[in-house]
Amino acid sequence: MFQLIAPFFQDLYERTGLNFIVFYDPYEYDRFLSGIAISLQLIFWSIVASLLIGVFGAWAQSARSPVLRGLVGAYIQAFRNTPPMIQLLFFYFALGAFTPQVDMGGYYQPLISSFVWAIISLGIFGGAFNVEIFRSGLEAVPDSTREAAESLCMSKWQIYTYVTLPLAFRISLPALTNNLISLAKTTSLAYVISVPEVTYALNQVWSDNINVPEMMLLLFLFYILVVSVLAAGLHFLERRLALPGYGQ
């Protein structure tokens with residue numbers, strides 16, 4: 001692929017001065033691809049973490065224990081009402097200072113990398129919104145549905161897992177889609193803790209080559225493409241899982 005596009009972009013630079021160096025310089029090309037790969041991994045794992053937190057948090061909100069409900073409520077207020085960039089800095093610099101370090105033979109490296117801290121922070125941030133989204137979906141499930149499940153002698157956890165959660169997930173999909181798309185875009189903030197994702201990688205490229213407009217255009221197009229694909233997939237899932245009479 002690189003061998004096919006490199007001559008075109010090299011010629012484009014020589015003729016017009018438009019310097020898309022990541023497409024004709026092997027070193028910058030590898031750095032760009034590495035940034036894309038890390039960004040996609042960060043988006044995937046942050047979304048997975050936020051969904052898991054949302055599912056268990058919504059279940060905890062209906063728990064009998066007032067302490068558990070209070071802890072979930074405090075978590076939602078804390079992480080929904082603070083900027084995600086501040087949360088990233090807090091996790092990496094504040095909590096990261098108390099995590100163990102590994103002797104790498106002459107220097108010490110944190111046990112938890114900046115990439116993992118980014119997943120933890122962004123997953124918790126997105127999860128705070130997902131808890132409320134799933135809670136609203138659970139409340140929309142008719143009481144008669146729960147009562148029918150109880151009549152079959154299903155436990156509270158079984159009812160949640162096999163009956164109410166699948167229905168709530170379908171009901172919540174429109175709001176969930178918006179939040180997951182927003183979370184995917186928020187992952188670009190991970191560059192502030194030196195996660196070498198695509199924003200960080202292209203920042204290095206334009207710092208080395210003084211081609212800010214070209215790299216900013218590339219970064220803009222990357223997120224348009226990724227978010228468009230994610231949105232299309234979630235909208236397709238929403239249509240496939242739609243149930244007549246639920247969430248309409």
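1. Arg-135 and Glu-132 form a salt bridge in which the closest N and O atoms are 3.2 Å apart; the term denotes a side-chain nitrogen of Lys or Arg within 4 Å of a carboxyl oxygen of Asp or Glu. The two residues are three apart in helix α5 (residues 114–140), and therefore about one helical turn separates them. Helices here are DSSP runs (H or I, at least four residues), as are strands (E, at least two), numbered from the N terminus.

2. Arg-135 also forms a salt bridge with Glu-139, with 2.8 Å between the closest N and O atoms. Arg-135 and Glu-139 lie four residues apart in α5, again about one helical turn. Arg-80, Glu-132, Arg-135 and Glu-139 are linked in a network of such bridges. Arg-135 is partly exposed at 25% relative accessible area, whereas Glu-139 is exposed at 57% (buried is under 20%, exposed over 50%, partly exposed in between; 1.4 Å probe, protein chains only).

3. The model is predicted: local features need pLDDT of at least 70 and side-chain atom pairs count only at pLDDT 80 or more, while totals for chains, interfaces and linings use all residues. Residues are numbered from 1 along each chain as its sequence is written, and side-chain values use heavy atoms, leaving out hydrogens and water.

4. The structure holds seven salt bridges. One of them joins the side chains of Asp-208 and Arg-31 at 3.0 Å, N to O. This pair links distant parts of the chain, with Asp-208 in helix α8 and Arg-31 in helix α2, 177 residues apart. Asp-208 is exposed at 51% relative accessibility; Arg-31, at 14%, is buried.

5. Helix α2 (residues 26–61) has 36 residues and should span 52 Å at 1.5 Å a residue, which agrees with the 52 Å between its end C-alpha atoms; the expected span is 1.5 Å times one less than the number of residues. Asp-25 caps the N-terminal end of α2, a side-chain oxygen lying 3.1 Å from the backbone nitrogen of Tyr-27.

6. Where is Asn-211 placed? Asn-211 is in the loop between α8 (198–209) and α9 (212–241), and is buried, with a relative accessible area of 1%. Leaving aside neighbours within four places in sequence, Asn-211 is in contact (heavy atoms within 4.5 Å) with Asn-19, Ile-21, Val-205 and Trp-206.

7. Tyr-107, in the loop between β1 (101–103) and β2 (108–110), is partly exposed at 47% relative accessibility.

Definitions and conventions. A polar contact is a pair of N or O atoms within 3.5 Å; within protein, one must be able to donate a hydrogen and the other to accept it, and residues adjacent in sequence count only if both atoms are side-chain atoms.
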